[in-house]
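Work through the following exercises with the model open beside the text.

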Amino acid sequence: PMQRDFEGAFKVNRLTLVSTIGVIEREERNHWDSRRIYALFQANDYVTVRAGRFVPIYGIMIPDHNVATRKGLGFDQGSERNAAEVTFIKDAWSGSLTYSQSPKSLTDTLEEKGVSAQLNYVFAETYKVGLNYWNGKFNEGDRQRQIYGVHGVLGFTPEWYLLSEVDYQKSKSTLGGSQEGIFYYTKLGWEFTRGLHAILQVEG
């Protein structure tokens with residue numbers, strides 16, 4: 001099983017508390033822990049601040065965590081991080097800025113500290129395009145990485161839609177030189193009847 005969690009939220013005025021609790025397999029043993037726990041504060045009509053443990057905003061935040069732009073870049077299942085994040089939404093523009101660090105208790109990979117940013121623009125009511133940036137540094141091997149990305153969520157009609165994201169990642173290390181690669185994901189969907197979708201998906 002990938003996840004066996006309970007989740008709940010409690011809201012008081014502008015403050016919302018969110019938490020999960022479940023069984024996490026670590027070192028071939030099961031432990032009770034919280035993958036996601038944070039406090040979210042609505043500062044005003046435009047700005048929201050949250051802090052705790054969650055997946056930082058980057059790219060299209062789709063639940064399909066096994067696609068190339070999620071798992072390939074390290075944003076798949078179990079990639080929640082200790083983080084602080086500011087988001088804003090005003091008219092057609094929205095964006096976020098996040099600082100995060102991999103928690104020792106949840107990760108089986110190298111710990112990473114990172115800063116990420118996203119900027120989105122909505123036009124014609126059903127079209128959204130955006131830019132993404134990630135700058136991270138790992139605790140071993142003097143390894144660093146940067147990711148640059150573009151994405152789009154396009155609603156052509158009430159039935160036809162397209163989700164697309166392309167990311168370029170470059171990493172370097174004093175031990176292993178440098179590596180670079182492109183990650184892409186595109187899904188064209190058609191809701192031919194309510195609740196049923198035909199999907200064409202390409203990724204790599």
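**Exercise 1: a salt bridge across the sequence**

Asp5 and Arg35 form a salt bridge in which the closest N and O atoms are 2.9 Å apart. Asp5 belongs to strand β1 (residues 5–12) and Arg35 to the loop between β3 (29–33) and β4 (37–42), so the pair ties together parts that are 30 residues apart in sequence. The model is a predicted one, in which local features need pLDDT of at least 70 and side-chain atom pairs count only at pLDDT 80 or more, while totals for chains, interfaces and linings use all residues. Residues are numbered from 1 along each chain as its sequence is written, and side-chain values use heavy atoms, with hydrogens and water left out.

Task: find how many salt bridges a search of the whole structure gives.

Solution. The criterion is a side-chain nitrogen of Lys or Arg within 4 Å of a carboxyl oxygen of Asp or Glu. With that criterion, the search of the whole structure finds six salt bridges.

**Exercise 2: strands β9 to β13**

Task: follow the pairing from β9 to β13, naming a residue pair for each step.

Solution. In the first step, strand β9 (residues 127–138) and strand β10 (residues 144–155) run antiparallel and are joined by eleven bridges, with Tyr133 partnered by Tyr148 in β10. Next, β10 and β11 pair in the antiparallel sense over twelve bridges, His151 stands opposite Glu165 in β11, and the hairpin that these strands form has four residues between them. Strand β11 (residues 160–173) is then joined by 14 bridges to the antiparallel strand β12 (residues 177–193), where Phe183 is the bridge partner of Asp167. Finally, β12 pairs with strand β13 (residues 196–203) in the antiparallel sense over eight bridges, and Lys187 has Gln201 in β13 as its partner. The hairpin of β12 and β13 has two residues between the strands, and Gly195 takes a positive phi near 90°.

**Exercise 3: a nonpolar surface patch**

Task: identify which element gives the largest share of the nonpolar patch.

Solution. A nonpolar patch joins side chains of Val, Leu, Ile, Met, Phe, Trp and Tyr within 5 Å, using residues with over 30% relative accessible area and no salt bridge; the areas come from the Shrake-Rupley method with a 1.4 Å probe, and only the protein chains shown count as cover for residues. The patch includes Phe88, Trp93, Tyr121, Val150 and Ile182, and its residues together have about 1,000 Å² of accessible area. Two or more residues come from each of β8 (112–123), β9 and β12, and the largest share, three residues, comes from β8. Val150, also in the patch, lies in strand β10.

Note on methods. Pairing = 2+ DSSP bridges. Patch = residues over 30% accessible without salt bridge, like charges linked within 9 Å, V, L, I, M, F, W, Y side chains within 5 Å.
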